[in-house]
Amino acid sequence: MKLTNKHINRLNVIIEMSIDRASRTLSKTLKTASVIKISYTSVRDSCSVTERLNSDEREMIGTLLAMEGVDNGKILFMVEKEDAYVLKDLYLREPVGTTTEYDLYVESAVKEIGNILSGSICNSIASDLGLTILPLPPLVTCDYAGTIFSAMIMDELFEDDDLLLMDTLFEIMHYNFKCFLYFIPGKEIIACLDKDHLG
């Protein structure tokens, strides 16, 4: 399918609504304000994105989920390792600063937050487009940003260098750190962009 600016704009509207719902869900889960900003949506060269992230030496914790019902649809949630400690404390209602090292509880908290966000986004998109979308069990990884991102796009690299990628930035208020979410819509979602009810 040849993607046009109209398709991208329609996808932006759909994603903005789902991200707004996910933001409210995240705020309730962490009992603190979160603001989710969409940086941009575009057809991007996967090699240039990978190159940029490979130069990022921050150690991250990421949770990667495939979406059942949309061919090759994926969601990747990433946060810096030290910031994941704060997320774990917020998630478990512990004083921030309690967690000082990476353990199974940190991994579990990031996994659950990724599940919550992905589920909220999938439900919203499925409702808007009349699709059935289910997030599959996530894979949690602690590694450099580029390594985690490369695992997300590996399958797509075999098909095309151009990648329709949603790049989203989460800001956790009061704690001065950001989380990152990358979203590959999948072929069924892209096909729905031509439907009349999207405007």
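Which residue follows helix 3 with a positive phi? That residue is Arg93, and its phi is near 60°. The structure discussed here is a predicted model, and this report moves from its overall plan to particular elements.

**Overall plan**

The protein contains 6 helices and 7 strands. Read from the N terminus, these elements follow the order α-β-α-β-β-α-α-β-β-α-β-β-α. The protein has 199 residues, of which 49% count as buried. Among contacts with a separation of 6 or more, 73% are accounted for by residues 24 or more positions apart.

**Helix 3**

Helix 3 spans residues 81-91 and is mostly covered, with 9 of its 11 residues buried.

**The packing of helix 1 and helix 4**

Two packed helices are described by the angle between their axes and the distance between the axes. Helix 1 (residues 5-30) packs with helix 4 (residues 104-129) at an angle of about 145°, and the axes are 9 Å apart. The crossing of helix 1 and helix 4 is right-handed. On the side of helix 1, the contact involves residues including Ile14, Ile15, Met17, Ala22 and Leu26. Helix 4 contributes, among others, Ile113, Ile116, Leu117, Ile121 and Ile125. By class, the residues of this contact comprise 13 nonpolar, 5 polar and 2 charged.

**An aromatic pair**

How many aromatic pairs does a search of the whole structure find? The search finds 1 aromatic pair. Phe149 and Tyr182 form this pair, which is edge-to-face, with 5.3 Å from centre to centre and 65° between the planes. The pair links distant parts of the chain, for Phe149 lies in helix 5 (residues 145-157) and Tyr182 in strand 7 (residues 177-184), 33 residues apart. Both Phe149 and Tyr182 are buried.

**Cysteines**

A disulfide is a covalent bond between the sulfur atoms of two cysteines. The structure holds 0 disulfides. Is Cys179 buried or exposed? Cys179 counts as buried because its relative accessibility is 1%, and buried means under 20%. Cys142 has a relative accessibility of 25%, and therefore counts as partly exposed. The table sets out these two residues.

| Residue | Relative accessibility | Class |
|---|---|---|
| Cys142 | 25% | partly exposed |
| Cys179 | 1% | buried |

Technical notes. Residues numbered from 1 in each chain as written. Predicted model: local features only at pLDDT ≥ 70, side-chain atom pairs only at ≥ 80, totals over all residues. Heavy atoms only, no water. Buried < 20%, exposed > 50% of the residue type's maximum accessible area, 1.4 Å probe, protein only. Helix = DSSP H or I, 4+ residues; strand = E, 2+ residues; numbered from the N terminus. Disulfide = S-S within 2.5 Å. Phe/Tyr/Trp six-rings, centres within 6.5 Å; stacked < 30°, edge-to-face > 60°. Axes fitted to C-alpha atoms, helices over the stretch in contact; angles between N-to-C directions. Left-handed = near helix turned anticlockwise from the far one by under 90°. Contact = heavy atoms within 4.5 Å. Nonpolar A, V, L, I, M, F, W, Y, C, P; charged D, E, K, R; others polar.
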